[in-house]
Every structure is written in C-alpha cells, then in structure tokens.
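Student: I've got a model up on my screen and I'd like to talk it through. Can we go over it together?

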Amino acid sequence: MSQSFKALVVEDAGGAHKTSVQELGMDRLPAGEVTVRVAYSTVNYKDGLAVVHRGRIIRSYPMVPGIDFSGTVVDSQSPEFKPGEQVVLNGWGVGERHWGGFAQMARAKAEWLVKLPAGIGLKQAMAIGTAGYTAMLCVMALEDYGIKPGDKEVIVTGAAGGVGSVAVAILARLGHAVAASTGRPEQADYLKSLGARTIVARGDFDKPGKPLDAERWAGGIDSVGSQTLATVLSQVRYGGAVAACGLAGGTNLPATVLPFILRGVGLLGVDSVMCPRPRRQAAWARLAKDLPFDKLDAMTTVHGLDQVPALADAILKGQVRGRAVIDLG
Ligand code: NDP
C-alpha cells in the first residue's frame, strides 16, 4: 500500500474556506473497517454544493468531499470484503461527515459498501455514480407504484443533467415512451440519442398553471422540484406517479392536493443517501441489467482531481451535461 495519497481537501479557517489538492499520509484516513484504493469518483450536484460551500453540506473540517467512489479493497477488517474486490459507495454522509471520494484512498464502514455486480466496471460505476443510482431508485419507485410501459409518456425533468440523462436512457431501454424536459434546447439531439421521444421546454413547467391540467403523463422522474414538480403533478394521468428526487430548481412545492385526491396520483420521495442496503444492491443489479452502456459512455466525460472546483461551479449553473467522472488513477 502506498504511504501517501492525493486528496482534495476543504479547510475552514474561521469561516474562510480553502480548497486544495494535498498529499496526505495514510494515517490521515478516517476510521473504518475497509480501506479502498479509489479508482473513480464523480461530481454530483451535491458535490457542487459542498465544494462551493453552499447549503451546509460539509459538516466537519478538514473534509475530503465526494459523495461517491468506486475502487478496489486493499485492506479489510470485515469478513464481508477481501482485498482485490471491487466496490462502490454512494452516500451515507460520505463527503459530508466522513471523508469521501475525491482522494486516491478512502476508508469506510463495511456496511456502506456494495460489491460491484458483474458487468459493471470501476469507470462505469462512477459514470453511473450517485446520480445514476438515484435514477434507478426512481425507476424502481415508479414500477412499485404499478407504472408500466404504455401509450402515455413518462416525463423526465432536468433531463440533460446526471439523474435526468440516466433516467431517460433506462426508461427508454425498458420500453417507456420518454419525454425529456430541458432548459437547454441545444441538447435535444443528445437527449433523443439517449432514447427520448419528445423534447419539452423547461419553460412549459416553471410557471404557475392550473391546479389540475390535462392528463399528459403516465408518470415522471423529477430532479428539479419547486414549480416544475407542481406542474408535472397537475398533468399526471389518473393512477400515475412522480418520483421526486431533486431540488435543482428549488426546494418549495407550490402545488394543491387535487392530483392526489382526484386522480390518485402518487408523489414518491426518493432518497439515495440513507437508502437501505438491500434496496441499493437491487438498484445496482438492475443497473447492470437495464442500463444501456453505450448510452452511458455517450453521456460521460472524464476529468482530473484538479478540475473538481470548476466542475462544481458548472454543475450548480446547470452547465454539466450528463455525468462528470473524476479519474483518481
Ligand atoms: P445536474 O446538475 O447534473 O442536473 C440537474 C439538471 O436540472 C440540470 O442539468 C438542468 O437540466 C436542470 N436545472 C438546473 N437548474 C435548474 C433550474 N433553476 N430550474 C429548472 N431546471 C434546472 O445534477 P444531478 O443530476 O447530479 O442532480 C439533480 C438533482 O437531484 C439535484 O437537485 C440533486 O441534489 C438531486 N439528487 C438527489 C438525490 C437523492 O438522494 N434524493 C441523489 C442525487 C441527486 P436541463 O439543462 O436539462 O434543464
């Protein structure tokens, strides 16, 4: 095992934050049963918030942000994991309370780790990342509610982002007719290449409309929140549902109860951070089966650790397309 490793460290000097790439000794790693050589991490929206110090994501300093990583076990005090095994970690407060994935080495509780299913490599695991795993949790939530491929479209909001791109690709692969809502009309061809049938302008959703509108969607996956989620809810058909996972457009929900009580519409909350392990394992197994990996490649760009601050800024401005992977090799 190497004696030192590179990490992106965020420090707090009396309220002034400093972010830098540092060379750290192995003795700086936090406590945990499993030590992992990190291969890849990724920049999710929450990582953007953490790195630019918005939304109080980081709970203790110094912190290595990065809410997810994939890598190879190099040391394990747990009978569940052996050196050489490939693992993925999403959430559990990693990158917030516990040092995260923007480092060449990480140490974590065994119960936080998921073994990579056959068919998903280390780089693909982070091309998926927390955004893609959350997209699959959203798909599973819709399925649990009884939403099946059919005549009406499923709407995906924030479609050109990370959650949105993976959601479009999975839904299309499963046979759903997919409508992709985006504020970036120049990404229409990209979204169609992922499997979207229809492109809808973001502006169709982000202004107040009727509390109950024409039944337009079989269901939805929403990473935007606020007025967008309220509008989508008002347009879901009888018995449909929306899986809500994001707040890229805001945290409020200016809606009425009418879709719920007159159409039996379901509002399904999706959380990836504390999601129980069996559900995570099921989501990763489903990703191995149902995600078209050629489409995943098309939505992924790869960057170095020193590019994380610029990517953090870009993702909060809605300028990152698909998934931004960080190569720690
Ligand atoms: P991205 O930035 O990659 O995607 C968000 C997309 O939302 C953007 O690409 C853009 O899509 C759209 N968007 C951005 N700003 C606005 C705005 N002001 N109004 C309307 N639409 C906007 O982020 P991620 O995909 O990584 O995450 C998406 C959301 O999901 C975030 O809020 C994140 O915190 C949340 N999330 C939640 C998880 C959970 O456990 N519940 C896990 C993972 C993510 P376009 O340009 O196509 O319009």
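**Ligand and domains**

Tutor: Let's start at the ligand: one of its oxygen atoms lies 2.8 Å from a backbone N or O atom of Val163. Keep in mind that this is a predicted model, where local features need pLDDT of at least 70 and side-chain atom pairs count only at pLDDT 80 or more, while totals for chains, interfaces and linings use all residues. Residues are numbered from 1 along each chain as its sequence is written, and side-chain values use heavy atoms, with hydrogens and water left out.

Student: Which residue has a side-chain N or O atom 2.7 Å from an oxygen atom of the ligand?

Tutor: Among the 24 residues around the ligand (a heavy atom within 4 Å), the nearest are Val163, Thr182, Gly183, Arg184 and Ser272. The side chain that puts an N or O atom 2.7 Å from a ligand oxygen belongs to Ser272.

Student: How much of the ligand's accessible area does the protein cover?

Tutor: Accessible areas here come from the Shrake-Rupley method with a 1.4 Å probe. On its own the ligand has 920 Å² of such area, and the protein's share of the cover is 87%.

Student: How far apart are the centres of domain 1 and domain 2?

Tutor: The bounds come from an automatic or database domain assignment. Domain 1 is 4-115 + 299-327, and domain 2 is 130-269. Taken over C-alpha atoms, their centres are separated by 29 Å.

Student: What area is buried between domain 1 and domain 2?

Tutor: Buried area is the accessible area (1.4 Å probe) that two parts lose on being put together, summed over both. Carbon and sulfur atoms give 57% of it here, and the total is about 1000 Å².

Notes. Polar contact = N/O pair within 3.5 Å; in protein donor to acceptor, adjacent residues only side chain to side chain.
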